[in-house]
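Colleague: I'm new to reading protein models. Could you walk me through one?

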Amino acid sequence: MTGRERVQARIQGRPVDSLPLMPITMMFAADTIGVPYLEYVTDHRVLAEAQLETAAKFDFDYVSVISDPAREASDLGAKIQWFDNQPPAVVETEALLSDKASLAGLRLPEIAGGRRMLDRVEGVRLLAKQAGVNKTVEGWVEGPCAMAADLRGLNTLMLDLYDDEGFVIDLFEFVVAMETEFARAQVRAGATLIGIGDAAASLIGPKFYQRFVQPYEQKLIRSIRGIGVPVRLHICGNTRKILSGMGETGADIIDLDFLSPLAEGRAAMGGSQVLLGNMDPVRALRDGSPDSVFQRLEECYAAAGPRYIVGAGCEIARGTPRENVLAMTRFARGRN
Amino acid sequence: MADLAQLREAIINGNAKAAAAVVNTAIAEGTQPMALIHDYMIPAMDEVGRRFECEEYFVPELLLSARAMKAALEPLRPLLASSGIQPAGKVLIGTVKGDLHDIGKNLVSSLLEGGGFEVIDLGSDVSPGKFIEAAQSTGADIIALSALLTVTMPSMKYTIEALKEAGLRERVKVIIGGAPVTQQYADQIGADGYSENATLAVALARRLMSGTRQATA
């Protein structure tokens, strides 16, 4: 099977010849080809080259345009801080929506306008052209909670959940409309899977997750699936209290971070949900040995059961030994 | 008459207006500021920390309670300053150079303040030089460093090295935390302590202060 076929088969519940292998790589990929991360996030040709090289070297089943959470915020006019060799970040103290009234005047960004969102779309196009036959090509958008936090400021958004329900709903509506269009542009460019990153959702607890975030994740996922591709939901952090809600979003693949045991995810979401994860990327993967990585994956697979995709809980950290990543490959290829 | 039990409840429930109102009434009635802080406000934030620890509370609730604590502290500050009452310790806190993630740092900051510490929050992306400057000007007892990214963790090491070069390392304790940070890393770079979460950070700071006070007694 090709990587693309393997991932598709896993999602559709058909047999696979070996476990799909889809660890997130960003800075690790840039380091693989020896480029500063600033180049990776500002030039889709560099990103594509790094992803292709990394996927080839470690036999990953996919390539991805995930890079940083600031692409949409940047095109909307948020202040971004750039770094030479790490991801850019939204400057929270000068958040675009520090004044809530600004939301009424905010317009959806023109993706074709030639800025950072377009660069991601072009990255998808290049990856699809060069590897789309054999690999799953993953586009990427921000989830409602993460994007709202980027625009409003994470700390402020947390209080808005109590202080101004109407504003939060309006903001989430805006985000879902924007991300649907962003996903559509990436699918048109050749993405065969869309990943949604919604890290901030792990901070808010089950009450607000069920009331505000999950319905909008669900809406976004339904819209993207309606475009014709499956969806991966990635929420970094401790999601133990929201696992069943995550399972009801309709995501085809759900990532679990290392703080959320796969066995709990399986129990909460049922046997048919495809789970991906979840070893600690720093303590287990970067600081472990090939043997300990292999052993940890045995445990993950046993806990997750057959509907499983090999990956770490989050991004493979910079500085992770090559042999440890190859242990993931060896594990995946030896199981089906 | 001020219903002081309401002060505790207001902070736990994140009701800033009610918390400030009880404090203002209590002050007008001549209640000692330290009695309010020690008997009601610190226990309230300890309870908030406990609920956060056992996942009854999450970040929104913690920030809401921290806001109520601040509102309750506000009218007390001038009284504390004029009476010369010392805080549990003085903590400089910041997310290290290159890192803009501040939610974890803010949680620690809130709980430390709720625990009776004076907290000077330097914000995010704080250079070693800025930590040193602030340590010199404030006479801080503890410097708390936060990092969310593996790539910014080395800034913790550089800050500790800079403190040594500035001759401040013996005078100030350094504690570190953040998702990728480990006890092993703390030992490696010579930090005085590591905490895996916000509530334990308060216990760590109290422990270090008690050690400092014993050493200087």
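Predicted model: local features only at pLDDT ≥ 70, side-chain atom pairs only at ≥ 80, totals over all residues.

Colleague: What is the area buried between chain B and chain A?

Modeller: The size of an interface is often given as the accessible area lost when the parts come together. Buried area here uses a 1.4 Å probe and is summed over both parts. For chain B and chain A that comes to about 2,100 Å², with 61% from carbon and sulfur atoms. On the chain B side, P60(B), L100(B) and V151(B) lose the most area, together 25% of what that side buries.

Colleague: How many salt bridges are there between chain B and chain A?

Modeller: A salt bridge puts a side-chain nitrogen of Lys or Arg within 4 Å of a carboxyl oxygen of Asp or Glu. The count between these chains is 2. K207(A) and E61(B) meet in a salt bridge at 3.9 Å, N to O.

Colleague: And at what angle do helix α3 and helix α6 of chain B pack?

Modeller: Helices are DSSP runs (H or I, at least four residues), numbered from the N terminus. Axes are lines fitted to C-alpha atoms over the stretch in contact, and angles run from 0 to 180 degrees between N-to-C directions. Here α3(B) and α6(B) pack at about 145 degrees, with axes 8 Å apart. Contact means heavy atoms within 4.5 Å, and M41(B) of α3(B) and L107(B) of α6(B) are among the residues that make it.

Note on methods:
Residues numbered from 1 in each chain as written. Chains lettered and ligands numbered in written order. Heavy atoms only, no water. Helix = DSSP H or I, 4+ residues; strand = E, 2+ residues; numbered from the N terminus. Buried area = accessible area lost by both parts, 1.4 Å probe.
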